[in-house]
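The sequence and the structure are shown first.

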Amino acid sequence: MDPAFAVAVARAAGQTDGPVAAPDVAGGVNEVTVLGSGADRVVVRAPRPGQAVDLDLEAWCMRRAAEHGIGVPEVLWLGELDGRAAMVQRYVADVGLGRVPVAERWRLLGELGRRIAALPLTDAPAGLFSRFGRDLPAAWVAHVDHNLEALGPDDPLVGLGVYRAADRAPLRALLTEARDAPPSFGLTHGDLSPRNLRVPAQGGPVLLDWGSATAGPVPTTDLLHLLLRRSEVGDPDDTALAALAQGWGEEVDRRDTALSRLVSALDLTRWALEHAPDRVPEQVRVARRLVRRTLGSGSGSEAESEAAGGRH
């Protein structure tokens, strides 16, 4: 982020405007800058150019989490400057995470994920939900039905090589299984990772970066993001995932995860064809691999490491 813009945002928020420091963790879709020193530090966050980020949605999630005792950064200001959205948060100093064993960090994340999934969504912003609506169980059925109906002779996914015409019947059986055994639903953080966990000097753990939050299947959605991370950087390993499941309080159903991912992969490919042509080649590649591995393995365990879908 341009330091001058960060300073201007901090001044607009009535907060300290210097010195400028690099963040502990660089943002993915947001640019992040730390200003100030000691207890007066603040964090300025703004979407990277070309990224569609709803900071109001992120602020709603943190506000709702805080209302129910989940540690989040305090939002000091939210608005626009020079036509660019920005948020100012109070800096959370991490003084204790280094003393927490790795497995315990993942257990904490699982516990936080379970609590987040239970947060009420009655007044949640529309951006948290998919195009199939706010009723999450009904949206799941509509989501699956949409893709079941598309498995016909004119399905463009056959021509793109996502699946073969001969795979239509087994794919239909898998999607029907997913429809008839819907997962649990709730709010997901979208990036449950130790890099977003802080243990301050006072109070409980604090969870940062709610920019990927969405409403949908739980814990499947968070798990798919973690499996994507594992495919990219090798972390979390199986021990970490077991600790996460322990914190969540239930075993992760790999079959449900594989089926949910299959639905998401097919649907994201169809969505990309209509709305994001530049994403079609990559999404076709991911969906093709996922279909082949799911049909070939039956369990779908290999397929879980493929990329995770969004809230489309």
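Strand 1 and strand 2 are joined by two bridges and pair in the antiparallel sense. Within this pairing, Ala 21 stands opposite Val 34 of strand 2. The model under discussion is a predicted one.

Both strands belong to an open sheet of five strands, arranged in the order 1-2-3-5-4 with antiparallel pairing. Its edges are formed by strand 1 (20–21) and strand 4 (75–81), each of which pairs on one side only. In a regular strand, side chains alternate between the two faces of the sheet.

## The hairpin of strands 4 and 5

Strand 4 runs antiparallel to strand 5, and six bridges join them. Val 75 stands opposite Gln 89 in strand 5. The two strands form a hairpin with two residues between them. In the turn, Asp 82 has a positive phi of about 55°.

## Helices across the sheet

Helix 1 (residues 3–12) lies across strand 1, strand 2, strand 3 (42–47), strand 4 and strand 5 (84–90), and runs at about 120° to strand 4. Helix 2 (residues 55–67) lies across strand 2, strand 3, strand 4 and strand 5; its direction is at about 25° to strand 5.

## Asn 30 in strand 2

Strand 2 covers residues 30–35 and contains Asn 30. The relative accessibility of Asn 30 is 2%, so this residue counts as buried, the cut-off being under 20%. Leaving aside residues up to four places away in sequence, Asn 30 touches Arg 45, Ala 46, Pro 47, Arg 48, Val 53, Leu 55 and Glu 58.

The buried residues in helix 4 are Leu 136, Ala 139, Trp 140, His 143, Val 144, Asn 147 and Leu 148. An α-helix has 3.6 residues a turn, so residues three or four places apart point the same way. Among the elements covering the buried residues of helix 4 are helix 6 (168–180), strand 6, strand 9 and helix 9 (254–275).

How do helix 4 and helix 9 pack, and at what angle? Their axes are 10 Å apart and meet at an angle of about 65°. The contact involves Trp 140, His 143, Val 144, His 146 and Asn 147 of helix 4, together with Ser 260, Val 263, Leu 266, Asp 267 and Arg 270 of helix 9. Helix 4 passes helix 9 in a left-handed crossing.

## Strands 6 and 9

Strand 6 (residues 184–188) is joined to strand 9 by five bridges, and the two run antiparallel. Ser 184 stands opposite Val 218 in strand 9. Five of the five residues of strand 9 (residues 214–218) are buried, so this strand is largely enclosed by the rest of the structure.

## Gly 204 in a loop

The loop between strand 7 (197–198) and strand 8 (206–207) contains Gly 204. Gly 204 counts as partly exposed because its relative accessibility is 42%. Its C-alpha atom is separated by 32 Å from that of Asp 256, a residue 52 residues apart from Gly 204 along the chain.

How values were computed
Residues numbered from 1 in each chain as written. Predicted model: local features only at pLDDT ≥ 70, side-chain atom pairs only at ≥ 80, totals over all residues. Heavy atoms only, no water. Buried < 20%, exposed > 50% of the residue type's maximum accessible area, 1.4 Å probe, protein only. Helix = DSSP H or I, 4+ residues; strand = E, 2+ residues; numbered from the N terminus. Pairing = 2+ DSSP bridges. Contact = heavy atoms within 4.5 Å. Axes fitted to C-alpha atoms, helices over the stretch in contact; angles between N-to-C directions. Left-handed = near helix turned anticlockwise from the far one by under 90°.
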